[in-house]
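The topics are grouped below.

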Amino acid sequence: MSRSLTRRSRRLTALGATVLAASLLLTSCAGSSEAAPSESAAPIEEKDLAVAAVSAPNSLDPAQLVDGQQMFVWSAILDTLLRKDPTTAEILPGAAETWEYNEDGTELTLKLREGMTFSTGDPVDAAAVVATLLRSKETPGNVQSRLAAVDDVVASDDSTVVISFSSFDPQFLDNLSSGLGAIGDPATLAEERTATDPVGSGPFTLDTAKTVPGSTYVLTKRDDYWDAENVPFKTLTVKVIQDPTASFNALQSGELNAATVQSQVVGQLNPDEWNITVNDAVAAAFLNVLDRGGEKWPALGDVRVRQAINMSIDRESMLEALFSGVGIATEQLASPFGAIYDESLNGTYEYDPEAGKELVEEAGFAGETLQIPSTFLTTTIEPALSQAFSDIGLNLEWVTVPPQQAQGAARSGDYGLYYQILGFNSDTADLATTFAVDGVGNPRGYTDETLDGLWSEINSTVAFEDALPAYQELNEYVVDQAFVAPVVFIGATWATGDGITYVGKANTLSTYRLFSVTD
Amino acid sequence: MLVYIARRLGAGIILALLVTFITFMLLSTSFEDVALTILGPAATPEVTAGLMAEKGWDRPAIVQYFDWLAHAVQGDFGESVYTSLPVAPTVMQRLLVTLSVIVPALLLTVVLSTFLGVWSASRGGVVDKISQGISLVGYIVPGLLLAIGLVVIFAVQLKWLPATGFTPISEDPGAWARSITIPVIVLTIGGVANMAAQVRGRMIDELRQDYVRTLRTRGISTTSIVIRHALRNAGSPALTVMSLEFISMFGGALIIENVFALPGYGSFAFNASLQGDIPVIMGIAAFGVLLVTVVNLTTDLANGWLNPKARVH
């Protein structure tokens, strides 16, 4: 059992970042299977894993895959080209044994393993990867946008795939460990079953007789899977349960042996039967300044006002009161387990509403009212944020937005601020999502000379360790400019039983690899 | 009678048209959000616009509604934009889950309410107080609390019944029965609390009527008076309460489905609304209106059968 409190977690965080940085330094732009995933020397006793997920997969079609907890089901059926280490988030070989970029990152060569098969017995070869990627590129869906920079995908031989890009995409390798990297069976991709019961080359097959779509997914291990010896589960059952109380009841009644639990009820679980593991940071909760140039909301274009907003937030109190103390107060968005994270930046904006008020007055925006969408995510934090703004002489006006229109509201340009919770993806993606000129979290496409220079360097540097100084400088710059007002890194508490342990840390991609078996 | 049925069905269809039209118009501002749901947040405005044009979502809302209607009358309600599954079979599948909980709960509610109502009205005294006490407790205890309490006792502590999930009856009738037991008990207790009081009240009124006194003076047995005469007359308003109870149970299904993680109609509708899955929401609205129409019509016909004065010619 590991339970981290703030100060201790920061130390662990720093350690994690160091480990990751060291591991990244050992990995150049080429990867290999030398670092094979979760190799184990002794045979392991297989268990039945039954895990709760808050949402059912929208579709199991490789072109429509959504990450998040939907991944528990589809990643069990569809193998991915690459993987990530659950603890360090290091990119590891998957179906692709090695990968190598050319000098300017416009060509990526993936070498597939020999002897992989789909559940039908057909071989997994380069043609299957090419067919899947080209189909996803042509098919409107969640995966399509991640192939925007891809010009072409070709098979140079049975086990070699060459992907050419219009320009280097720093996030592409990471994406190959999620939905983009899923491999479909070209013989059945066009069939209707692809959305609900696809043929895959992953470690499990869907037991359709025991599966109730939208509710319970039962998956059975494939003994002919290439990495079967490292899959410690005979079956994987994914139960879709949105209500945390229902999930907790299912856990206690033995229907589940792995689920996230609310920290308030952890004490009800017998420590002799349950492993409780706290991951202090799985997502960032922050106030995003959408109008950084002050085009519609001039106050937000003034760095003093943005800094004042950061000073108005009592992060530690919010962490305790609104997030049950599970998480870490933060003033930056980079993952605390990543290499970009800089502990010294915490303290840039100590809670000081008086100083914030002076900054707002100095900027001449005292009394200004700012509109912000009120969504299902903001309900609990609205009073605290309204009070924080009021304390520095600004007003927040919450405008109710239906859940299905929340994304559109953020992109509409109508609002200067937006409260969001963003799950960690990767060091290369997390900052790009919010600060790149074409980032989803930067709908007005704000940029400046410094940002342009840093992104230009990042987007033309193929090896991550070479780009790391630019990423770190970028992180420092966006904190200084207060383009966002981070609140906390949200944590998650996992309860696992039956000799199963949760091992996720820096990487929380929802796959069976988040769990290990300890007899 | 046939004309009456046709007229009621016609009114139901008009109602369905109105409800679906209003629903579609309210949703018509969300097509861009639907495109974003399909493409993901990283989609560029150009790609989003391209998909909207491809799907015809850039056309005027009224044109799109009649397009939807033209397909719907042929049984084609389109596909979910989120799962790509056809709407009609999916709605039916979810409906069956909810009905498999609601129908047994309703039957039990009717039987127990009738028994309790008749028992307390005809016996009075302590029996009446016990019956009213049961109704009162059923009213006071919130369904959600009751559900959680029963789960803790029967699923968590005793492990007799599952805490969550649903097994189709076709797969394993025993497991199906176990999976619906606690939801059915919760819905039944709430239903009985409401309906038993209605039956009791009507039965007391009926037992005070002149015809009852006349029957007694003619030496007709109390059982016959209560069951064959008074209950039949009291049954008419009870049927109306039952139909309302059925519709109310449908509304309350969301809570029950959430607590027991049942893949039913309520949670399906809730998620579709959260995701802005317009074809699914339209399908749910259409099926919901038709269901209410059919339930109301059936109630009216049953009322006519029970009470000749209520018959429509």
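A salt bridge here is a side-chain nitrogen of Lys or Arg within 4 Å of a carboxyl oxygen of Asp or Glu. The model is predicted, so local features need pLDDT of at least 70 and side-chain atom pairs count only at pLDDT 80 or more, while totals for chains, interfaces and linings use all residues. Residues are numbered from 1 along each chain as its sequence is written, chains are lettered from A and ligands numbered from 1 in the order in which they are written, and side-chain values use heavy atoms, with hydrogens and water left out.

**Salt bridges in chain B**
- B:R202 and B:E206 form a salt bridge whose closest N and O atoms are 3.4 Å apart.
- Both residues lie in helix 8 (residues 173–207) of chain B, four residues apart, about one turn of the helix; helices (H or I, at least four residues) and strands (E, at least two) are DSSP runs, numbered from the N terminus.
- B:R202 is partly exposed at 30% relative accessibility, whereas B:E206 is buried at 8%; buried means under 20% relative accessible area, exposed over 50%, and partly exposed in between (1.4 Å probe, protein chains only).

**Salt bridges in chain A**
- Over all chains, the count is 19 salt bridges.
- A:K234 and A:D48 meet through their side chains in one of these, at 3.9 Å, N to O.
- A:K234 lies in strand 11 (residues 233–240) of chain A and A:D48 in strand 2 (residues 47–53) of chain A, so the pair ties together parts 186 residues apart in sequence.
- A:K234 is partly exposed at 40%, and A:D48 is partly exposed at 37%.
- A:D227 forms a salt bridge with A:R83, with the closest N and O atoms 3.1 Å apart.
- This pair links distant parts of the chain, 144 residues apart: A:D227 is in the loop between strand 10 (216–221) and strand 11 of chain A, and A:R83 is in strand 3 (residues 82–84) of chain A.
- A:D227 is buried at 6% relative accessibility, and A:R83 is buried at 1%.

**Helix 1 of chain B**
- The axes of helix 1 and helix 12 (residues 278–306) of chain B come within 9 Å and cross at roughly 155 degrees; axes are lines fitted to C-alpha atoms, for helices over the stretch in contact, and angles run from 0 to 180 degrees between N-to-C directions.
- Helix 1 of chain B is therefore roughly antiparallel to helix 12 of chain B (under 35 degrees counts as roughly parallel, over 145 as roughly antiparallel, 65 to 115 as roughly perpendicular, the rest as oblique).
- B:I22 is in helix 1 (residues 2–27) of chain B and is partly exposed at 48% relative accessibility.
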